[in-house]
Every structure is written in C-alpha cells, then in structure tokens.
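Please read it with the structure open.

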Amino acid sequence: MNLIVFLIEEFNIKNIAAAQISNIVNGVVNMLPIVAAILADSYFGNVPVIAVSAFVSLTVQTNIRNLKNKEPSSTALKTDEDLTSNTWRLCSVQEVEDFKAVLRLLPLWAAVMFLSTPVAVQMSMTVLQALVVDRELGPHFKVSAGSLQVIVLLSGCVFIMLNNWTIYPMYQKLIRKPLTPLKQVGIGHVFTILSMAVSAIVEAKRLKTVDNGHPMSVLWLVPALVLVGIGEAFHFPANIAVFYGEFPESLRNTATSLTSVVIGISFYLSTALIDVIQRTTGWLPDDINHGRVDNVYWVLVIGGVLNFGYFLVCSWLYKYRNLKENDSTTRS
C-alpha cells in the first residue's frame, strides 16, 4: 500500500500532510545510497557494502511489515621529502583535474534535480486524485490508489528496452552518430513537461465531474503516468551514463548514486513547494475536490519549461571528457 494511502486510512492524517510526510520519507530513503557509495569508494569496497545494505534493507522491510500487520581515499603524489612536514596535503595534478570535472557537472546535476521535483509533486497529487475518482474496473475489481505508480515503472521499463533495441539504433543509422546522453536527457525533459500538461487538463476535466454525480474513471490518470515513465526511460539511464562516464574513476560508485541523491533532494523540494503553494494559494485544501490541483500542474509546466531552457544552455556549453564519438570535441 502506498504510504500516502496508509497514513490517510490508518492514521486519519489530512491528505496534503500525508503527501508531504511521504515525500520526506522517500527523500530520506533515496539519500542513503550516497552514504553506501562513499563507504564503498573510500573504505570497504563493493561486496561488503552491498552485503550490509541488503541485510539492512531486509531488516527494515520486515519491521515495516510487522508494524503494518500489527573520507575519500588519498592518492596524492609527493615529489619532495620536505613536503612530509607540511600540515597541508598537496594535491596531484590528476586530483585537481578530477575536482574540476566534478564541478563542471554540478550545473547539469542541478537541472536533473529540478526535473525530478515536479515529478515528485505529480506522484503525490496523483495518489490524492486516485482517492477521489472511480477506481472500479468491472463489478469485482477496484484499483488501489497507491498502486497507480506501478504504471510509471512498467512504462519506463518497456521504453528502456524499446530505446535500446529500436529507437537508439534507428537514430544512429539515420543520423550516422549515436544519440548522446545529454540529448536523451533533453528528450526526457520534454516528455516530463508533457505529462504535467496532460495531468493539468485531466484534473480540470475531473473537477467538472465532481458535482454531476458521475466521478471520472481512474483510467484518465493513466496517460500522464505513462508519459512520466517514458520520460524517465530517457533521462534516468542517460543521467547515470553521464555521471558514471564523466566522474573520476575513483568515484564511480559515488557517481552512480548521484541519481538517487537527486531524487532524495527532489522529494524534500517537492515537500517545500507543496507547503508554499498551500500557504499562498487556495489550490491545495485537504479535500482536493474543492481545490485547483490543475493550477498546481500548470505551475509545474512553467517551471519545467524554464528548467528545460536552463538545461539546454548547460548541455550546449558542456564538453564530454570520455564520450566515445567520432568527434569527441562536439558539444552535446
């Protein structure tokens, strides 16, 4: 059961507050991989960290079920014996270059963070919408409000396979060079913005059905979730490829965890954004039937467009360090 639904039904927490609590919990969970990655890179290696993480994950999941039923490695090169008495450790040229490489990725990292924040808001609002629509499919089946997010995962998985098997090879055959990771991220931006616009239109339509006694079918919520999944199929693997490929080799584990960190921060930002909207407008009352969630979605569309423009500037200025292309100096 989705945490939002669980909090509302089991603890009678108000809808918007439940969405914010859920986002905070998701933020905490998604921040944990960066800790494991730093430990793996700096101290213990991959296997021990994976083993401990698996044990902790299993323990936490078991406890939750019971409740519901009831410092980087030093690689500096010192070339002079006199430097050993210096209290400040001098960095090698390679370390300086690696640090500069990380700094160059920060603007792109910020763009990904502001891409994920609207999605976090959208997922929370979708659960609240699902609670007030007709979720019955036939006489014997009722869709769980919390299970709708599975559509994002399914569509994402399907399109990841389609991208790798058909779309990317076709693009490379037609254009005669591969679709770069940052271009893939840009496509993901477009699909995410489209999903927000579709959610806004569907919510406006749903509000018109509130008073006529014929609630909207839950199936109307599916297209926007499919678009989110398609967008994630483009930008999530591509972001991982960018960070993993462009980060220093000694920080590869940390690089792969950055996407999870972005998601974690985006959940915190989404909680703050929901709070600001609730305090400054009347769009998010506890009963969304008396609110304007569609306006919230349009705000997300505007923010998404602005962030997409920022991303285009950053990606155009960025030069790959390790991209294997015919012209390695080509901007993305």
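This is a predicted model: local features need pLDDT of at least 70, side-chain atom pairs count only at pLDDT 80 or more; totals for chains, interfaces and linings use all residues.

The points below go from the overall fold to single residues.

1. The protein has nine helices and zero strands. Along the sequence the pattern reads α-α-α-α-α-α-α-α-α.

2. **Burial and surface.** The protein has 332 residues, and 42% of them are buried. Its accessible surface is about 18400 Å². Carbon and sulfur atoms account for 66% of that surface.

3. **Annotated spans.** The unreviewed UniProt entry gives "transmembrane region" for residues 34–60, 108–131, 143–165, 185–202, 222–244, 256–277 and 297–318. That label comes from the record, and such annotations may be inferred rather than shown by experiment. Two of these spans can be set side by side. Residues 256–277 are 100% helix and 0% strand, with end C-alpha atoms 33 Å apart. Residues 143–165 are 70% helix and 0% strand, and their end C-alpha atoms lie 32 Å apart.

4. **Helix α1.** This helix covers residues 3–11. Which of its residues are buried? Ile 4, Val 5, Phe 6, Leu 7 and Ile 8 are. Asn 12 follows α1 and has a positive phi, near 55°. Most residues other than glycine have a negative phi.

5. Val 158, Met 161, Leu 162, Trp 165 and Ile 167 make a nonpolar surface patch of about 470 Å². Met 161 sits in helix α5, which runs over residues 150–175. On spacing, an α-helix has 3.6 residues a turn, so residues three or four places apart point the same way.

6. **Arg 176.** Where does Arg 176 lie? It is in the loop between α5 and α6, the latter being residues 181–209. The phi of Arg 176 is near 70°, a positive value in a residue other than glycine. Is this arginine buried or exposed? With a relative accessible area of 70%, Arg 176 is exposed, because the cut-off for exposed is over 50%.

7. **Cysteines.** How many disulfides does a search of the whole structure find? It finds zero. Cys 314 is buried, at 13% relative accessible area. Cys 157 is partly exposed, at 47%. The labels follow from the cut-offs, because buried means under 20% and exposed means over 50%.

How values were computed
Residues are numbered from 1 along each chain as its sequence is written. Side-chain values use heavy atoms; hydrogens and water are left out. Helices (H or I, at least four residues) and strands (E, at least two) are DSSP runs, numbered from the N terminus. Buried means under 20% relative accessible area, exposed over 50%, partly exposed in between (1.4 Å probe, protein chains only). Accessible areas come from the Shrake-Rupley method with a 1.4 Å probe; for residues, only the protein chains shown count as cover. A disulfide is a pair of cysteine sulfur atoms within 2.5 Å. Patches are made of residues with over 30% relative accessible area and no salt bridge: like charges are joined within 9 Å, nonpolar side chains (Val, Leu, Ile, Met, Phe, Trp, Tyr) within 5 Å. A salt bridge is a side-chain nitrogen of Lys or Arg within 4 Å of a carboxyl oxygen of Asp or Glu.
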